[in-house]
Structures are given as structure tokens and as C-alpha cells.
Amino acid sequence: MKKLLLLVLSVLLVSAIAFSFDPETFVNLTIGEPETLDPHYCYETAGGAVILNVYDNLIKYKGDSVTVFEPMISTEVPTVENGLIKDGGTKYVFPIREGIKFHSGNVLTPYDVEYSFERGILFDPSGGPMWMIIEALSGGDYASLEGWFEAYSGMAYSDAVDEDRNPTSEEAKAKLIAFYNEVIDPLVEVDGNNVVFTLHGPFAPFMWIISHYAGWSAVIDSQWAKDNGAWDGNADGWWKWHDLQPEETPLHSVDAGCGPFKVVEWDRAQQKVILERFDEYWRGPAKLKTVIIWGIDEYSTRKAMLEAGDADIVYVPTQYKEQVVNMPGVRIIDGYPTSAITSFHFNWKVKEGSEYIGSGKLDGNGVPPEFFSDLHVRKAFYYCYDGQTFIEEVLNGYGKLVPTDLPEGYLGYDPTLPVPEFNLAKAAAEFKKAFDGQLWEKGFKLTLLYNTGNEARQTAAEMFKFYIESLNPKFHISVQGVQWPTYLKAQRAGYMPAFIIGWLADYPDPHNFLATYYASYGIYASRQGEPFLEFAKANIDDLITAAVKETDPAKRDELYKEVQRIAIENTLGVPLYMPLGFHVERDWVRGWYPHPLRSGTNYYEVYKEE
């Protein structure tokens, strides 16, 4: 029996080693899982890491550059010099490559490009990424389909379409159809073998917004999408596909792309996505045949698989650097700059039904929904973040304190602005002023969430808990871990009293950070409550709009600095850190390099070699 057991174990060991060194199979261990695989809904890195490998865009970045583009689905990169950017930067012409096949076998045509952008604009899910496309094509005037429709029709979208997605009247229906025909349809048109984008005004970041790795600008298979229940391409009825939930879209768990890999399985129970090589990819098949992107939240399990050679790339929190830096067979690439920020932000009015504010009253057993509308409360939390210690001890030095939600090196970055100050005496003084002194006397209870597996966010939440509770025995904070999709949904629903969130640049411009965090139409705005939106509309929006339309870099710079001064004076958030890169891979991995705008690994460029 003992010999038999040893034989079985030996076979399993050999199998594991053979699997590890299989040059056609690649295993990437991360944390969490995608919220959705629909490129027009996905706005987080877990989903983006899949989408960038199964969809292509019109153009792409050249290598690790963020300023030089190469053709992709388009055969040329539009420039003024080659005549493909016209009319003062309001018209972009893309010649479409012939012979590209989608995973379905359908052949890509210029219409697929038009359909992809129009479907995304009309879909425009709440909290999704399509605001960037809408903002660019409207020349910076609008950031949502509903806002654009209201400006065009003089009727609020909610007055035009009822809860069952039906027009409220014949007049409303006529306006909805006319809006598509007169406003949306002319934005992206087919002209022979070209696709022509017509912007309502110049918008400097347009090329960055549509480039690969931007999933929201991916080209999808229009025929497959229509056959499987996506927008049918008609003006009449487009509203039935507007602002759906991710599970309601046919692209939620599958793909309709033409990229080098196709989705063959998304195992929600194991947080595992399996990709398979698309052998008819127009650039030629990838070297890897199978890619497994596996969310394993427990670090010790990821470490053991890395050490055993059962994984090729592994997410390792920087606090565990010393455990892997001398691990045999492991390579570390670190210290590279990132275009990212991780921040702590406040919800100025929590939505009804939240389980994270206790009693919902200022009675010592909870907090009122408007808890963080009080500037003194926000300031008190600000002073309870020990950023330098966090970076040194939690991030192992792989981070930097910055004044606001703008990375160092971006236009508008101001090193003279203060970074978060750790000062418990000032924190106590602010808490004593909050709610006219009642908060200090009555105390409070609330819950802070973090996404399971993200130990940096967990530690940041626990740091706030530790220092705040040390100030007053009546202060109580519960720190709770939940799965990533749950974390996102609670944020988007407005249920969290405060949240920790990161932002990886969509494109390398300050607008992408400062509008995202501070503008009333920014992606994080609705998560911060109605009073925040009112504040942003009155104090922030005009400055950000003026900045993105300004062509003089010096004037843009000053406008963005003014936005940041307002953010600091009103404690709109606590910028926790700007991360520095830390990547861990087996030493047989080839072709990986950092890119500040890529949300995951580009498996077409990666291979394995012993």
C-alpha cells in the first residue's frame, strides 16, 4: 500500500512539473474576478485583463510607449500629416483592415466598428466607461447619454422612458428616434472601407481613449451581438438596451471579439477565466495555447503555487517582497512608475437600505446617512491616515504620497500642495467640532469594506479603525472583507459610507483622474452621494470643463491646480498612495514588460522558455 501511495504521488508530481513547464499553457494568479466581460460595461482591472486579450481596437500603443501609436484594426494611424485628421481636429478617418475574422467566423467590416461605438454609446451603463466616448465625441459638452438626450430634446430621459423601458408618449418616442438619427448616428459613419468619426469639437485625448488597451473602444462582432440579443442596430427601440445590468447583456460572460484569445470558460465558483488561442488571428496565432487567469484571494496559496512552479505570474502584495525576492526560479521586475492612484473617499449621503451605517442615526449605534457631509468628520479621517508608515511597512516602499488624486508627473501636478498629514491631535479637534459637538459626546458605529485578497486596502481600513477608535472609546469601526463584485456593487449602489478605490489611467491626461474623482459626472461621483454632486457642480465642474477644452498647456496646468486646491480645502478624499510597480514571475516567462495603461498581461506578447 505504501509503495502504491508513493507511486501515485510520484505520478502527480511529474504531472504537476510537466504542466508547469508546458510552453503552451500559462497560469496567472491574481485576486478577485471580473464583474463582467462586456467591454461597454466593464470598468475595472479584473475584467479589463481579460478583455484586452479577446478584443482588438482600431489602433494600439507601440510597445511600452504611451505617446506613439501603431495600426491595429485600422491600417493607418490618423495624423494631420497623412490627411486622416481633418477639419481642425474634429474628423478622424480610419481605413479598416480587410480579412480580419471574429471568433465566430464572421469577417470584420467597417460596419462592425460603427456598430460597436454606437452600441456602447446607447448602452451607456451607470458607472460604466462610456462617458469617455460620449465626452470626446460631444467635444467635451456631455458625459452621459441621458444628459445629451435632455439637452437635445428638452425632455429628461426619465420622462421619456418609463420603468418598463417603454416611451411615455408618442412625442417621447419621436424624440428618442430623432436623437439617434440626428445626434448619435452621424458621429461614426462608414465611408467605403473607411470609418469616419466626427467630433462636435476638438478633444485632445481622443486617440488615447480609443486605443488598445481601452476595452470600451473594442470592436465587437455586430452580427453575433444582434443574433444573441444585443441592440438590433435600429433607431426605433434603442432605449430598450440602455443602462442594462451586466447580467442582462449577452456579452456578460462570453466574448464577441477578434483578438488573439477567446473565452472558453468563466468559472465563477473558482474565480477562474480560461482563454484559448484563436488560431485564425489576423496577426498570426499566439505562442500560448491556453491562458488561465485565476483569482485566488489567499496569498499563502498563491505563494505555494509560485514556489512549486504551478503558476507563471503571481500577484504578490509588496509587504511580502522578502518572501519572494530570493525564491529560486523567480524573477522580480519592480520600481517602475505607474499611472495609478489609490484613495479613500467619502459618501456624503448613504443610500437608504445600507447595512453599513448601523442605526442610521447619530445615537452611538450608527451614523446618519449624511455623516460625511460634515467637513469636520472628513478632516478628522484625513488626519488619521499615517501615510508614511503605510508606504514603508505595508507597501515595502513601493508607493509615494501625493497631494491629491493625480499621479506625479502629470500636467497640473503641484509638489507644493500638502500631502496627507498624520496628526491625531488635529483629528480629535475636528471630531469634537463635528455635528456641533454631538459626535464626540454620542460616538458612532460604521462599517468599512475592502475587497477580499487586497491586503493593502484591508490594512488601510484597519489603520483608520485603530487610530480613530484610539481617540474616543465611543467610536467604533468594523472592517469587513467581501468579494470584488460585491464590493463594486455596494459602491455603485451608494451603500458604503466610505470606500477605498484605485484608479488606473484610462489615458495619460489629468482630466482622466480629476474628472473621475471630483467632477459631478465622474465615474466615482454617484458613489459619493447627492450632496457631493451638488458641491461638485457648484465648485468643480466648470473648472474641469474649461481645462479639458483649453489648448494652452500653461492655462490647463493652472486650472487643474485650482481644482486640487479646492479638493484639499474641502477634504474631498484622502489620497492614500501612488503605487510603484512590483511584478513577480517565473524566470521562464518571456516578453512581459510594464505598461502604465494596461490593466493586465498582454498574452499575445508573452511566452515561456526554459
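Analyst: Here's a walk through the sheet, then the core, the aromatic pairs and the cysteines.

Quick ground rules: this is a predicted model, so local features need pLDDT of at least 70 and side-chain atom pairs count only at pLDDT 80 or more, while totals for chains, interfaces and linings use all residues. Residues are numbered from 1 along each chain as its sequence is written, and side-chain values use heavy atoms, with hydrogens and water left out.

Okay, the sheet. It's an open one of four strands, ordered β4-β5-β7-β6, with antiparallel pairing. Helices (H or I, at least four residues) and strands (E, at least two) are DSSP runs numbered from the N terminus, and two strands pair if DSSP finds at least two bridges between them. β4 (85–86) and β6 (188–191) sit at the edges with a single partner strand each, so one side of each has no neighbour in the sheet. β4 pairs with β5 (residues 91–95) in the antiparallel sense over two bridges, and I85 has Y92 in β5 as its bridge partner.

Across β6 and β7 (194–198) lies helix α3 (residues 110–123), running at about 175 degrees to β6. For that angle, axes are lines fitted to C-alpha atoms, for helices over the stretch in contact, and angles run from 0 to 180 degrees between N-to-C directions.

Now the packing. A nonpolar core here is a set of buried Ala, Val, Leu, Ile, Met, Phe, Trp, Tyr and Cys residues joined through side-chain atoms within 4.5 Å; buried means under 20% relative accessible area, exposed over 50%, and partly exposed in between (1.4 Å probe, protein chains only). The largest core has 181 residues, and F94, I184, F197, W238, F344, F381 and F444 touch the most other members. Helix α16 (residues 455–471) gives the most to this core, with eight residues. Leaving out residues up to four places away in sequence, I184 touches E118, I121, L122, L145, W148 and F179, where contact means heavy atoms within 4.5 Å.

Next, the rings. The whole structure has 56 aromatic pairs. Rings of Phe, Tyr and Trp (its six-membered ring) pair if their centres lie within 6.5 Å; planes under 30 degrees apart count as stacked, over 60 as edge-to-face and the rest as tilted. Y115 and W231 are stacked, at 5.3 Å centre to centre and 15 degrees between the planes. That pair links distant parts of the chain: Y115 belongs to helix α3 and W231 to the loop between α9 (222–227) and β8 (261–267), 116 residues apart. Y115 and W231 are both buried.

Further along, W348 and F532 make an edge-to-face pair, 5.5 Å centre to centre with 80 degrees between the planes. W348 is in the loop between β13 (340–346) and α12 (375–382), F532 is in helix α19 (residues 530–539), and they are 184 residues apart. W348 is buried at 5% relative accessible area, and F532 is buried at 0%.

Last, the cysteines. There are zero disulfides, a disulfide being a pair of cysteine sulfur atoms within 2.5 Å. The closest cysteine sulfur to that of C258 is in C42, 17 Å away and too far for a bond. C258 is buried at 0% relative accessibility, and C384 is buried with a relative accessible area of 0%.
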